[in-house]
Amino acid sequence: MTRSESDNLDYNQNDIEEKWQRKWQESQLHKVHDDEESPNWLEMTMWPYTSGDLHIGHWYAMAPSDAHARFKKMQGYNVLHPMGFDAFGLPAENAAIKRGIHPYEWTMSNIENMRKQLRRMGTIYDWDREVVTCQSDYYRWNQWIFLKFLENNLAYQAHAPANWCPTCNTVLANEQVVNGKCERCSSEVSQRDLNQWFFRITNYAEELLDQSQIDWPNKINIMQTNWIGKSYGTHVQFDIDSLGLETKKIDTFTTRVDTIYGVTFIVISPEHPLVEQLTIPEHKDEVDQYVSNARKQSEIERLSTEKEKTGVFTGAYCLNPLTNEQTPVFVGDYVLLSYGTGIVMGVPAHDERDFKFAKKYNLDIRTVIKSNKENESDPDKAYAGDGILVNSGPYNGLTSNDAIDKISEYLKTQGLGEKSVQYRMRDWLISRQRYWGTPIPIIYCDDCGAVPVPEKDLPVLLPDDAEFKPTGESPLELHEQFVNTECPVCKKSGRRETDTMDTFVDSSWYFLRYSSPQYLDGPFDPVAIKKWQPVDQYTGGAEHAVMHLLYSRFFTKALRDIGLLDFDEPFIRLFNQGHITHSGARMSKSRGNVVSPDDYVKQVGADAVRCYLMFLGPWDQGGDWIDTGINGISRWLNRIWYLCTRDSNSIDSSNVIEDKNSELNRLTHQTLKKVTEDLEKFKFNTTIATLMEFTNKLNDIWREQQVDQNLWQITIRKLLLMIAPLAPHTTEELWEINGLKYSIHSQHWPEWDPEHVKEEEINLVVQVNGKVRDTILVSAEITEDAAKQAAMSSNKIELHIQGKEVKKTIYVPGKLINIVAI
């Protein structure tokens, strides 16, 4: 960014900002108390990860949200707009290995730097309410909540696959697997089943689909609905009794049981425990190799529409319960254990995936549904729609819907299946095989099994002297003093759980902690919760729709059922801001495309950076970072400075014209109405555009010197109040220069008067046969008859209707009149 001489400010913005940040801190202007007379309003923006430096992308999320919180405070609310730090996670652990520094030291150093940057932004955060997840006074309550979930059957342990690097001898996070290989040593990564901890989020699947109590963007609601993935279908039992196994039937789930007569094969997920039992010896090597390869792929890769559908025959057959046909059983990687039963019917004539699979392996393709529409049959692809059953025995001629009901009922009467509801969402696996997270409070005893750590022994602390090896093995497993402990039940030797919790646990309830961050007797003070929760307004990125936001809803409902909360949803309102990109990509340290705000703040001040980010475009859309326009914002702030430091005593009262007073008063109220409505809707760019237009008109009015001195002073005060949430330092300084009481940020938002908003005169568009022929100035209160008379009296209109007959006139009040003449 370069600056010309005309861009130079006539005041030292950095000195002003430092002055007021210091004054605000000393006077505790932003200190929030629970029991103010005004109604409480909790407004939050999603907290940052402790990466070390805030970049422009962080400012884009935080500066507008701060402006909105300031606006709500001026509207008369007791606003709590808190800040904290999402401080656990893999990046800190990787930094420890790379830099030879403990994650805690690295993280806390980053937090200190980020605090300074956030203060430099001029935010209204009450730092006494700060929450830092890697501090034991926070994560002890993660552990406490885990124990409560365990007591209420909302936490359990089960085997689940994890990414395993045989060279590093450790479990890898998904982020550490690149193209199926370990990012550290490039070894092939495989899946290994480990005993891990889960939360029963599926208990709340149906309630999570109910979005009636939240005012959230529709796209977020749709994303959550799709993620939960409710399906109505039928369980169907296929007989495998002839195989001589302990299991006599295999259970499939289908949403289209009307196609059961078209089943020509069965596909089972590679992870399914029945695979090993079903595979006959002649096919074992081939199946084992296929399963091994499948487990190296992510679910996204396996479900890709571009990926070829593959499988391998187990050598086993099962019996179709309606046709009594022997049906081959395949293992296929496009079937996931996490959906339905992990076993699906192969109906190639009526499912595109199955069609491609059948073509590849030369399996029968049998049409059992005929489209209601003619010419919709295509032999080169599956017909997946509804229709009329054919080749389906006694169900021929039925519609798909009727057949689903009748076949499901038959299966139920025969004990071979029944209608069911399935959800795509699985229980939340919270175990992470790494150090930098909340230790799971469990002790394993040979006699007593998995024993919860007693509440009195919380928190289970992370050891300070952990050793981080280049291989990435969890230091907790290697730390004997941490691992070896006493069983709380039998007092014999025990071993601590060395897994830590998913960091999304930290953010699933942090909003509750803001209500009482120093509370010692629980995760939150129940009295404070009633005063502040649920969150009135939440802002953040849409990318958190199906993890953080969904998990927070689950936590709120679970804590409610345990008896700790009395409300159902965490965030009443949600607004998703867009993202600032740079060079066409979202800003990220890993991409090397971050832009630091610090240099811009030094050159033009924090207020200019705040306003420029809000002026870039609609906040919900984001955009690419280009700094060429920031000087324009500086010039605007400079014009505001000139306007607000002019001596109104120089106005000669003898020059005052009453119409000019009315014009200024109307302009002020119109601006105030527009700014108020736009700020309510997070339309910061149009707010600033309106204020720019207002300041330009005020400049013109000042030059004319034809308005009342007192009215001018009132207008300047309203201008400063409207700009205060956007540019807090500049307006605070100008408020003081104008001799007004500290602080502008303790003032009430000015109200606009509907009577003063009305225009006295309007430009009425006059059309003849739909074409604009004139524009005339008329009273804003003009009646339809008067508008017709005024239009007909126009010399321009007379020329266009001369010699013609006026058939009718169409009047749009306050806008136009159209004369139809032939």
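**Labels and what backs them**

Helices H20 and H21 cross in a right-handed way.

Before the questions: this is a predicted model, where local features need pLDDT of at least 70 and side-chain atom pairs count only at pLDDT 80 or more, while totals for chains, interfaces and linings use all residues. Residues are numbered from 1 along each chain as its sequence is written, and side-chain values use heavy atoms, with hydrogens and water left out.

Q: Why are H20 and H21 called oblique to each other?
A: Helix H20 (residues 606-615) and helix H21 (residues 630-645) pack at an angle of about 120°, with axes 9 Å apart. Under 35 degrees counts as roughly parallel, over 145 as roughly antiparallel, 65 to 115 as roughly perpendicular, and the rest as oblique. The pair is therefore oblique.

Q: Which residues make the contact between H20 and H21?
A: On H20 they are Asp607, Ala608, Val609, Cys611, Tyr612 and Phe615, and on H21 Ile630, Ile633, Ser634, Trp636 and Leu637. Contact here means heavy atoms within 4.5 Å. By class, that gives 9 nonpolar, 1 polar and 1 charged residues.

Q: What makes Asn769 partly exposed?
A: Asn769 has 40% relative accessibility. Buried means under 20% relative accessible area and exposed over 50%, with partly exposed in between (1.4 Å probe, protein chains only). So Asn769 counts as partly exposed.

Q: Which residues touch the most other members of the largest nonpolar core?
A: Of its 158 residues, those are Phe146, Phe149, Phe199, Phe555 and Trp712. A nonpolar core is a set of buried Ala, Val, Leu, Ile, Met, Phe, Trp, Tyr and Cys residues joined through side-chain atoms within 4.5 Å. Leaving aside neighbours within four places in sequence, Phe555 is in contact with Ile145, Phe149, Phe199, Trp428, Val505, Ser508 and Trp509.

Q: What is omega at the cis peptide bond joining Leu458 and Pro459?
A: Omega there is about 5°, and Pro459 is in the loop between strand E22 (449-452) and helix H13 (475-478).

Conventions:
Axes fitted to C-alpha atoms, helices over the stretch in contact; angles between N-to-C directions. Helix = DSSP H or I, 4+ residues; strand = E, 2+ residues; numbered from the N terminus. Left-handed = near helix turned anticlockwise from the far one by under 90°. Nonpolar A, V, L, I, M, F, W, Y, C, P; charged D, E, K, R; others polar.
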